Amino acid sequence: MAFRRQDYYSRIGYTGESRPTLETLNALHRHHTAAIPFENLDVLLGREILLDDDAIFIKLVEAGRGGYCFEQNALFARALAECGFAVEALAARVLIADPNDMPPRTHRLVQVMLNDEPWIADVGFGGATLSAPIPLAHGAEITGPEGRFRVESQQSEFLLLKEEGDDWHALYRFDQARQYPADYLMANHFIAHWPDSHFRHHLLAALHPPGQKPLKLLNQHLTVNGDRQTLADDDAVYDCLQRDFGMRFDHPEHGVTREAFCAMMAQLPRDNP
C-alpha cells in the first residue's frame, strides 16, 4: 500500500505545507500528538501488534485507532520521509521507572536531519511525549504544555530528561545506532508478551490537545489538565476513550465491542498501580 499522505493529513487535521522545514516538522509533530492517541488496548485484548507499514497505516489512520511507540513513530517517520525529511530509526532504554539494572531497548524514536544537524522527534511516549522536536545537542531544551524537556550527552549516548518540580528526571537513554525492522519486532514482542510488562497489566492512553496539559488515562483513572478523577465504571471508560481520546471502535478488524472491552477491564487492577 502506498502511503496516502492526504489521508494522514486528514487524520491529524493538518492543512499546511509538505516541505522539509523545521516549521513543517513542528506542525506535524503537534498535530499528530493531538489527534492520534497513545494506547495499548490491543495488548490487553490479546491481539498481535503488527509493525509492517500497511498494518500501521490501516490501524492508526483508516481505523481511527491509536497505538504505542513502535506504531506511532513508525507512522510519523514514514510521513516525514514522504515530505522529504532525512530520517533515521533509533531505539532507547526507558528509565522513567528508575530501574535498578540497565533496561533493554524497548522504545522507538526518530532522528531527523535539518540543515545537517540532528533533531529528535518522538510522538509515542505516552503522557510524557515530547511537546515538539528537540535538537540532539547537549543542553538543548524545549518547553510546552507537557513541561520542560532537556537533552544531555554522556560520551556516545544521550539522555532525554523532563522537569518534575525542582528536579530533572531521565525518561530514556539512547545513541545514534541505526535500528532495523528486526530490532523493533523483537522489542515489540517482548513488551507485548513478557508477563511483567507494564503494558500487559494496565490500560494506558494519552492525548496532547493543543495548548493543554496531556489528557491521560490509567485504567479507570482519567487526568484532565492535571486533575485526576476516577470514572464510574467500565462503560464510562469505554465511552471516554471514544469521546475524549477520539478512538473509533467500529472498524471490522480494529474495532472493539463494549462487551469485549468490559471483559478485558475486569481483569485489570482497580487501585493505583
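1. Helix 2 (residues 22–35) comprises 14 residues and reaches 20 Å from its first C-alpha to its last, close to the 20 Å expected at 1.5 Å a residue (1.5 Å times one less than the number of residues). Helices here are DSSP runs of H or I with at least four residues, strands are E runs of at least two, and both are numbered from the N terminus.

2. The model is predicted: local features need pLDDT of at least 70, side-chain atom pairs count only at pLDDT 80 or more, and totals for chains, interfaces and linings use all residues. Residues are numbered from 1 along each chain as its sequence is written, and side-chain values use heavy atoms, with hydrogens and water left out.

3. Buried positions in helix 2 include Leu-25, Leu-28, His-29 and His-32 (buried: under 20% relative accessible area, 1.4 Å probe, protein chains only). The buried residues of helix 2 pack against helix 1 (5–12), helix 5 (69–82), strand 3 (105–114), strand 4 (117–121) and strand 10 (204–207); contact means heavy atoms within 4.5 Å.

4. Lys-59 lies in helix 4 (residues 53–62) and is buried, at a relative accessible area of 5%. Leaving aside neighbours within four places in sequence, the contacts of Lys-59 include Asp-42, Glu-71 and His-254.

5. The contact of helix 7 with helix 8 involves Asp-234, Asp-235, Val-237, Tyr-238, Asp-239 and Leu-241 of helix 7, and Arg-258, Phe-261, Cys-262 and Met-265 of helix 8.

Terms used
Buried < 20%, exposed > 50% of the residue type's maximum accessible area, 1.4 Å probe, protein only.
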